[in-house]
Amino acid sequence: MRFLKFLFFLFAIFLLIGKTDAYYNIEKPSSFVYDDTNTLSKEQKKSLEDKLLQFEKSSSNEVSVVLINSLEDDTIENFAVQLFQQWGIGKKGKDNGILILIAKNDRKMKIEVGYSLEGNLTDAQSYWIIEKVMKPSFKNNDFYTGIDQSVDKIISATQGENLPTVSKNKKNNSIGFLELIFFGGISLFIWLASILGRSKSWWLGGVIGGAIGIVIGLFNGFLFIGLIAIFLLTPAGLLFDYIVSKQYKENKSNGDNMPWWIGGASGFGSSGFFGNSDDNSGGFGGFGGGSSGGGGSSGSW
């Protein structure tokens, strides 16, 4: 039974690779507020922009509000991480950025928090903002109020205010634990893909697959489960190594960025591509190259 769960886990990761490739690049922003849905009026957008610009000047923290129409079959979590890294929200070395992402047609939202601000704006507080501030307003199609009040709460949290939290029920806690295991497995998956992709030969994947099969056999009976695991995982490892090595070689020869599952931009550090300026005194001058720590929360309405 454990062996079948393990195989299902590997299958789910392969499905995730295909799904998260749905992320699409968004054009370089000209302000802290990006609205591709025409939801906000010019006056509302300017009011938010002025508030975020003043906040950046006083604290150096960068908060970006992004409204898109659709995730195009991606997950809100992956899209937020990829966008955060693509834009480099926050200052390089400080990682003091926050992204508020709203996918209007999908009715989903995500607060993504940079490394250094995770202690000020916790996952539980982000969840409270989504549930108690954003969701009620969004349900009434009052997006500006939900966004504006959320920005106020986020600014207050970074300035030391202790925001309320929402207790999740046992079912949600169970789901969160499974998510923790799942994304921990993905991190291991990315680490292996990064190593195997850069290796000169793809036989190492088969060796690793066979070794995993041996370990499974030691815990579940070597003569039956172990042999089946070795038989299945050795060719699976060879195929996996072949795929990531080929992708790595092609991207490197073409000068393209590596996909997230080969250790490309994926929430584990990025220099950003809009420069590293700490001075936006003349207005929005581009984000500074910060990184996302994977903190925050997501929800829907």
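These legends describe close-up views of aromatic side chains in a predicted model.

**View 1. Aromatic pairs in the whole structure.** How many aromatic pairs does a search of the whole structure find? The search finds six. Two of these pairs, W87 with F287 and F138 with W301, have their own views below.

**View 2. W87 and F287, a stacked pair.** The ring centres of W87 and F287 lie 5.9 Å apart, with 15° between the planes. The pair links distant parts of the chain. W87 belongs to helix α3, residues 76-87. F287 sits in the loop between α8 (222-254) and β5 (292-300). The two residues are 200 residues apart. W87 is buried, at 0% relative accessible area. F287 has 1% relative accessibility, so F287 also counts as buried, the cut-off being under 20%.

**View 3. F138 and W301, an edge-to-face pair.** Here the centre-to-centre distance is 5.0 Å, and the angle between the planes is 70°. F138 lies in helix α4, residues 123-139, and W301 in the segment after β5, so the pair ties together parts 163 residues apart in sequence. Is F138 buried or exposed? F138 is buried, with a relative accessible area of 0%. W301 has a relative accessibility of 11% and counts as buried because the cut-off is under 20%.

**View 4. K104 over the face of F143.** This view pairs a lysine with a ring. K104 lies over the face of F143, at 5.0 Å from the ring centre.

Notes. Residues are numbered from 1 along each chain as its sequence is written. This is a predicted model: local features need pLDDT of at least 70, side-chain atom pairs count only at pLDDT 80 or more; totals for chains, interfaces and linings use all residues. Side-chain values use heavy atoms; hydrogens and water are left out. Rings of Phe, Tyr and Trp (its six-membered ring) pair if their centres lie within 6.5 Å; planes under 30 degrees apart count as stacked, over 60 as edge-to-face and the rest as tilted. Helices (H or I, at least four residues) and strands (E, at least two) are DSSP runs, numbered from the N terminus. Buried means under 20% relative accessible area, exposed over 50%, partly exposed in between (1.4 Å probe, protein chains only). A charge sits over a ring if NZ of Lys or CZ of Arg is within 6 Å of the ring centre and within 35 degrees of the ring normal.
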